Amino acid sequence: MPVSRRRLLLAVAAVPWLARAQSAPLLVEGQPFERRVVVAGAELRLNGTGVRAVAWFKGYAAGLYLTRRAATAAAAVAMPGPKRLQMRMLQEVPAAEFVKAFNKGMVRNAGDAEVERLVTRMAAFEALIQQTGTVRPGDVVDLDYAPGLGTLYSFNGRQRGEAIAGEDFYAVLLRSFVGDHPYDKKLRAGLLGGA
């Protein structure tokens, strides 16, 4: 069989395998991240993934979903339409630790006036987190932005409470992960499509 025909047959045989590989979830620390999800009726694509870690302690793997690619925090935050930040837990963590980290991230990534505007909504969001209780390895937290509704908090696929109104709230929440003062610089790089 001529070499060019053999290459063609190999290429044709590889097409189904490549299609399956591109649609299979991406595994990060053993946690599956779908490559596409639907939020508020829009298809979002996995922009990037990363792991929140302090030294050897790995808290969670995270994935950022957007309507199109974003390589910078400014582009991700300003992008119109739905968004999702998904966290897949790698450790057992009490709700109080989540609340502490959430407050720290929001305050570090918002000015004083912005925090003042958000304080009531931050308290409502904290209450949703507190209701979750302790998270365990394998638990999934989705932080979605749905235009017209606001920030939706879901735990293991079930929405908890009401939406937290305002695009400004989700913007600061997202900046906590990918902004100038993120929870973790390596996590930020991964969520923005870096290594």
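Residues are numbered from 1 along each chain as its sequence is written. In this predicted model, local features need pLDDT of at least 70 and side-chain atom pairs count only at pLDDT 80 or more, while totals for chains, interfaces and linings use all residues; side-chain values use heavy atoms, with hydrogens and water left out.

The chain contains six helices and nine strands, where helices (H or I, at least four residues) and strands (E, at least two) are DSSP runs numbered from the N terminus. Of its 195 residues, 44% are buried. Here buried means under 20% relative accessible area, exposed means over 50%, and partly exposed lies in between (1.4 Å probe, protein chains only). Among contacts (heavy atoms within 4.5 Å) with a separation of 6 or more, 57% are between residues 24 or more positions apart.

Strands E3 (residues 36–39) and E4 (residues 42–54) run antiparallel and are joined by four bridges; two strands are taken to pair if DSSP finds at least two bridges between them. Within this pair, Val 37 stands opposite Leu 44 of E4. The two strands form a hairpin with two residues between them. Ala 40 counts as exposed because its relative accessibility is 55%.

E4 also pairs with strand E5 (residues 57–66), in the antiparallel sense and over nine bridges. Val 54 has Phe 57 of E5 as its bridge partner. E4 and E5 again form a hairpin with two residues between the strands, and Ala 55 in this hairpin has a positive phi near 55 degrees. A positive phi of about 55 degrees also occurs at Glu 29, which is not a glycine. Glu 29 is located in the loop between strand E1 (26–28) and strand E2 (31–33), and counts as partly exposed because its relative accessibility is 43%. Most residues other than glycine have a negative phi.

The structure holds nine salt bridges, each defined as a side-chain nitrogen of Lys or Arg within 4 Å of a carboxyl oxygen of Asp or Glu. One of them is between Asp 144 and Arg 84, with the closest N and O atoms 2.7 Å apart. This pair links distant parts of the chain, since Asp 144 is in strand E7 and Arg 84 in strand E6 (residues 83–89), 60 residues apart. Asp 144 and Arg 84 are both buried. Together with Asp 142, these two residues are linked in a network of salt bridges.

A salt bridge also connects Glu 114 and Arg 175, at 3.1 Å between the closest N and O atoms. Distant parts of the chain are linked here as well: Glu 114 is in helix H4 and Arg 175 in helix H5 (residues 167–178), 61 residues apart. Glu 114 is buried, with a relative accessible area of 17%, whereas Arg 175 is partly exposed at 22%. In helix H3 (residues 95–108), Glu 97 and Lys 100 are three residues apart and therefore separated by about one helical turn. Their side chains meet in a salt bridge of 3.9 Å, N to O. Glu 97 is partly exposed at 39% relative accessibility, and Lys 100 is exposed at 54%.

Asp 139, in the loop between helix H4 (112–132) and strand E7 (140–146), is buried yet has no salt bridge. The nearest side chain of opposite charge is that of Arg 136, 5.4 Å away; Lys and Arg count as positive and Asp and Glu as negative, with His and the chain ends not counted. The side chain of Asp 139 makes a polar contact of 3.1 Å with that of Asn 156. A polar contact is a pair of N or O atoms within 3.5 Å; within protein, one must be able to donate a hydrogen and the other to accept it, and residues adjacent in sequence count only if both atoms are side-chain atoms. Beyond its neighbours within four places in sequence, Asp 139 is in contact with residues including Met 87, Met 89 and Phe 155.
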